[in-house]
Amino acid sequence: MNIAQYAEQFWEDGYLVIEDFFDAARMDHLNEMILQHFGLKPDWEHSDEFIQKAATEVIPWFPVREGVQDFELVEKTAEFEQLTQAILGEDWQGLYCMVMFSKQGTKGQAWHQDCPPENTQQFNLNRLVYTHDITPELGGQTIVYPGSHKMGELSAGLPHEDLENQIVLTPKTGTIVFLHGHTWHRVLPINGTYRVSTNYRAVPKNTPEDITDIAVYRNMRYRFSTGEVIEERV
Ligand SMILES: O=C(O)CCC(=O)C(=O)O
Ligand SMILES: [Fe+2]
């Protein structure tokens, strides 16, 4: 693996995809644990207002906080750490590990930025690990807008509109996607039984721990800690 080249590509595009990064047996095991935790019909955790307005239907789980070692070990993989360091520099920090579950027939996630883009030095890095195949039949593909980590605020408009230049990612078991928190991204609706991704979020040094508290959508800015729409966008 040429780490320097991967890091360069990440900074050029605002995201990076590497297939077969983790082996399938390990991913199958994690996927089993995820299904055991959620079942197929878990309850919503976000407020109705958020789900409606953000057009985002995911249920989170933080297995490392609960001491589930199998998830902890993934982020300690040497190449995973080296790649993170090449992208974020010295003294980066892991934030948390968040598994996101979407049920059959749900909307996925609308276009968003994970944190406000005004300060280009302050951002989160999503390190997404896929424990099952995403396919066109299943839905739930991740869509990114290349280079948008350098374009400032996500354009206002319809939450799930197709944008020119968008790229559709169809990650497979063991694929990782590294995604800059300012990069415009979304997840397509889920037609299959379920869809999950596991996000090991990290930040460069001198970044506040609550960096992902406010997310930017095409119709609003939303603060998760207080469950408030802090800005309407038109
Ligand atoms: O699940 C995905 O593919 C993307 C999730 C996402 O938007 C995020 O983790 O910030
Ligand atoms: Fe996101």
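**Close-up views of a predicted model**

**View 1. Contacts of V177.** Apart from residues up to four places away in sequence, V177 touches Y15, V17, L128, T142, L169 and P171; contact requires C-beta atoms, placed from the backbone, within 7 Å. The model is predicted: local features need pLDDT of at least 70 and side-chain atom pairs pLDDT 80 or more, whereas totals for chains, interfaces and linings use all residues. Residues are numbered from 1 along each chain as its sequence is written, with chains lettered from A and ligands numbered from 1 in the order in which they are written.

**View 2. The largest nonpolar core.** V177 is also among the core members that touch the most others, together with Y15, I87, V129, F178 and Y217; the core holds 49 residues. Such a core joins buried Ala, Val, Leu, Ile, Met, Phe, Trp, Tyr and Cys residues through C-beta atoms within 7 Å, buried meaning 20 or more other C-beta atoms within 10 Å of a residue's own.

**View 3. The open sheet.** Seven strands (DSSP runs of E, at least two residues) pair antiparallel in the order β7-β6-β9-β4-β11-β12-β13, where pairing takes at least two DSSP bridges. At the edges, β7 (167-169) and β13 (228-232) each pair on one side only. Strands β6 (residues 142-144) and β9 (residues 185-187) are joined by 3 bridges, and I143 stands opposite R186 in β9.

**View 4. The shell around ligand 1.** M100, Q109, D114, N126, L128, T142, H185, V187, S197 and N199 surround ligand 1, each with its C-beta atom, placed from the backbone, within 6 Å. Two or more of these residues come from each of β5 (125-129), β9 and β10 (194-203).

Notes: Buried ≥ 20, exposed ≤ 12 C-beta atoms within 10 Å, placed from the backbone. Contact = placed C-beta atoms within 7 Å. Helix = DSSP H or I, 4+ residues; strand = E, 2+ residues; numbered from the N terminus.
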